[in-house]
Amino acid sequence: MKLQKLNKLNNKYLESIGFNWHTDIDNTSYISDEFITLTELEAESFYDATNELYDMYCTAVQHVIDNNLFHDLNIPFNLVEIIKESWENDVHWHLYGRFDLAGGIDDKPIKLIEFNADTPTALFETAIIQWAMLKFNNYDETKQFNSIYEAIGDNFKRLITLNSGIEDFQKHYEKLNWKILFSSIAGSSEEEHTTKLLQHIASEIGFKTEFSYVEDVEFSDDGISLNNELYEFWFKLVPWEDIGIQEGELAVILTELISNKKTIILNPAYTLLFQSKGMMKVLWDLFPNHPLLLETSFEPLKNKKQVEKMCFGREGANIAIVNSDNSLEIKTEGNYDNFKPIYQEYVEFPQDENGNYYQAGVFYSYEACGLGFRKGGQILDNMSKFVGHIVE
Amino acid sequence: MEKKYFLKKVSDYAIVGGMGAILITSFTGCEDKNSNGQNSQNGTINAASQKQGAFVIVEKTDNGDYKIVDEFPSTSTTIVLRENGKERILSKQEIDTLVAQESAKIDNGTSNLTNPTGMGGMSLGETLLASAAGAIIGSYIGNKLFNNQNYQSQRRTNYKSPSTYSKSVNSFNKAKSSSTSKTSSSKKSGFFGGSSRTSSSKSFFGG
């Protein structure tokens with residue numbers, strides 16, 4: 001693994017552009033000053049793999065809906081209807097997601113770890129911070145697989161044009177003037193600024209937008225509103241499964257609004273199917289032994305080193321790595337143990353000489369559009385560091 | 001969903017340059033509204049709910065006890081029983097029978113729900129009544145049960161994980177408090193409210 005030390009951006013500057021979560025609670029910097037160097041071929045491979053995986057996921061979602069496998073994927077029952085509704089109609093456009101991948105460097109094959117399709121974070125650092133560090137260190141900015149900002153902007157245009165060509169966005173938008181309300185839950189600066197970054201991108205390309213905390217958003221039979229003004233689109237940085245489980249009434253309201261075509265929600269409800277780690281078992285069923293996949297089952301795998309994780313677990317919580325002789329290698333605790341477990345064949349992440357593990361995150365917005373890495377222990381958790389990259 | 005891709009190559013990703021200057025100058029407009037002293041009570045009270053029922057998943061453990069795996073508010077009451085790796089929905093008749101049996105046990109003092117020295121695991125009937133849905137499905141024995149001081153402590157132990165219990169209590173409390181509050185308009189808000197607006201923690205989203 002080739003690492004390259006860069007000069008860091010200072011915290012004052014990071015805060016001036018809204019990036020307030022630059023320091024972890026143990027006072028260490030969240031942004032690594034070492035960038036991974038990869039070849040253009042390696043970057044291409046990440047791009048191609050991610051596009052292929054997205055297609056496979058779309059096939060798998062259709063399979064889940066056709067065969068009513070929602071329960072297998074641990075989908076809250078009160079979201080099944082809205083998932084189906086959203087999948088039926090292209091206006092429910094998937095704005096962006098992030099694939100977590102093992103390998104891709106050091107001659108290790110790319111393997112799907114999971115797809116954060118509903119509420120992916122790490123957007124700000126991947127799209128903006130690693131690019132700004134590259135500029136700050138006088139590198140040519142083409143030396144990065146990173147067009148996240150532009151790709152998401154183009155995809156916002158597709159909310160209006162769909163597949164008909166984004167060059168007609170302005171023409172169509174002038175007639176529609178549909179507005180987007182952006183919301184996060186009060187109390188997390190990271191979520192708020194991730195949401196506001198997306199709002200910024202949408203505003204810049206011409207959308208009328210507003211921001212409001214979720215608790216202040218109003219829901220009625222007419223649709224979703226703020227201060228009595230209705231918004232056609234609602235972007236919520238709130239996981240769908242939390243809506244189903246913690247705010248069951250909201251799930252009912254949103255289902256009615258979607259079926260009455262009163263609102264369009266980003267990311268759409270069907271992204272919860274992508275998000276469920278149970279989907280990787282469905283993928284393995286549909287594409288057995290596919291080179292980008294790891295064997296995944298709802299039952300423990302026999303005689304294989306494997307990772308047990310929960311369908312909607314996050315940030316490395318409730319994960320167990322189990323050796324092929326069934327002995328436990330490492331385990332994390334957490335609050336997700338009431339979700340259903342899946343068992344995924346173990347693959348070792350690329351390692352640096354200090355023993356740190358690296359996992360790639362590739363953003364997808366209509367196509368693969370940018371790469372970043374996370375560095376940490378064998379199980380990457382909320383204390384893992386963000387690592388940028390340079391393509392040589 | 002048919003998806004088509006731009007057939008761009010990584011080497012074409014040179015367009016990133018243009019956005020930088022615009023971004024850095026204009027993005028500073030996204031000020032943090034955390035510290036402006038807004039009233040965090042706003043909107044949190046009006047979460048009216050039409051949910052009077054519950055969806056409950058009960059699991060039979062290896063030693064024959066029953067645990068509540070998950071439950072959340074719903075328009076009607078559904079009990080899912082997970083047993084030997086299979087799941088089925090209990091019929092109205094089965095539920096009625098279980099509640100009647102449990103009622104008799106409460107009367108003669110043998111129910112774990114009301115017995116402070118109740119040992120070991122709960123039966124299916126006890127587990128159902130210990131769930132938040134117990135208040136609904138066992139309404140006719142409510143007085144025997146819900147005024148019993150041992151009941152609250154017993155039901156807490158009947159959840160597979162502590163988070164399922166607190167989650168359940170929270171969502172049902174919300175439904176309860178809102179059913180007595182007046183709603184003067186048809187608008188609803190306050191979802192995911194009540195958290196502090198002043199912390200700046202890192203997100204738990206995104207895996």
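Trainee: Which residue of β2(A) is the bridge partner of A:Lys2?

Mentor: Before the answer, note that this is a predicted model, in which local features need pLDDT of at least 70, side-chain atom pairs count only at pLDDT 80 or more, and totals for chains, interfaces and linings use all residues. Residues are numbered from 1 along each chain as its sequence is written, chains are lettered from A and ligands numbered from 1 in the order in which they are written, and side-chain values use heavy atoms, with hydrogens and water left out. Strands of a sheet pair through backbone hydrogen bonds, either parallel or antiparallel. Here the bridge partner of A:Lys2 in β2(A) is A:Thr37, and β1(A) pairs with β2 (residues 34-38) of chain A in the antiparallel sense over 4 bridges. Two strands count as paired if DSSP finds at least two bridges between them, while helices (H or I, at least four residues) and strands (E, at least two) are DSSP runs, numbered from the N terminus.

Trainee: What is the order of the strands in this open sheet?

Mentor: The order is β1-β2-β20 in chain A, 3 strands with mixed pairing. Because β1 (2-5) and β20 (389-391) of chain A each have a single partner strand, they stand at the edges, and one side of each is left without a neighbour in the sheet. Neighbouring strands of this sheet are turned by 35 degrees against each other on average, direction ignored.

Trainee: Which helix lies across β2 and β20 of chain A?

Mentor: That is α2 (residues 40-66) of chain A, which runs at about 90 degrees to β2(A). Such angles run from 0 to 180 degrees between N-to-C directions, with axes that are lines fitted to C-alpha atoms, for helices over the stretch in contact (heavy atoms within 4.5 Å).

Trainee: How many residues of α4(A) are buried?

Mentor: Buried means under 20% relative accessible area, exposed over 50%, and partly exposed in between (1.4 Å probe, protein chains only). In α4(A), 12 of the 14 residues are buried, so this helix is largely enclosed by the rest of the structure; among them are A:Phe124, A:Trp131 and A:Met133.

Trainee: Where does α4(A) bend?

Mentor: A bend is the angle between axes fitted to the seven residues ending at a residue and the seven starting there, and α4(A) bends by about 30 degrees at A:Ile129. Just after α4(A), A:Asn138 takes a positive phi of about 60 degrees.

Trainee: How many helices and strands are there in chain B?

Mentor: Chain B has 7 helices and 4 strands, and 43% of its 207 residues count as buried.
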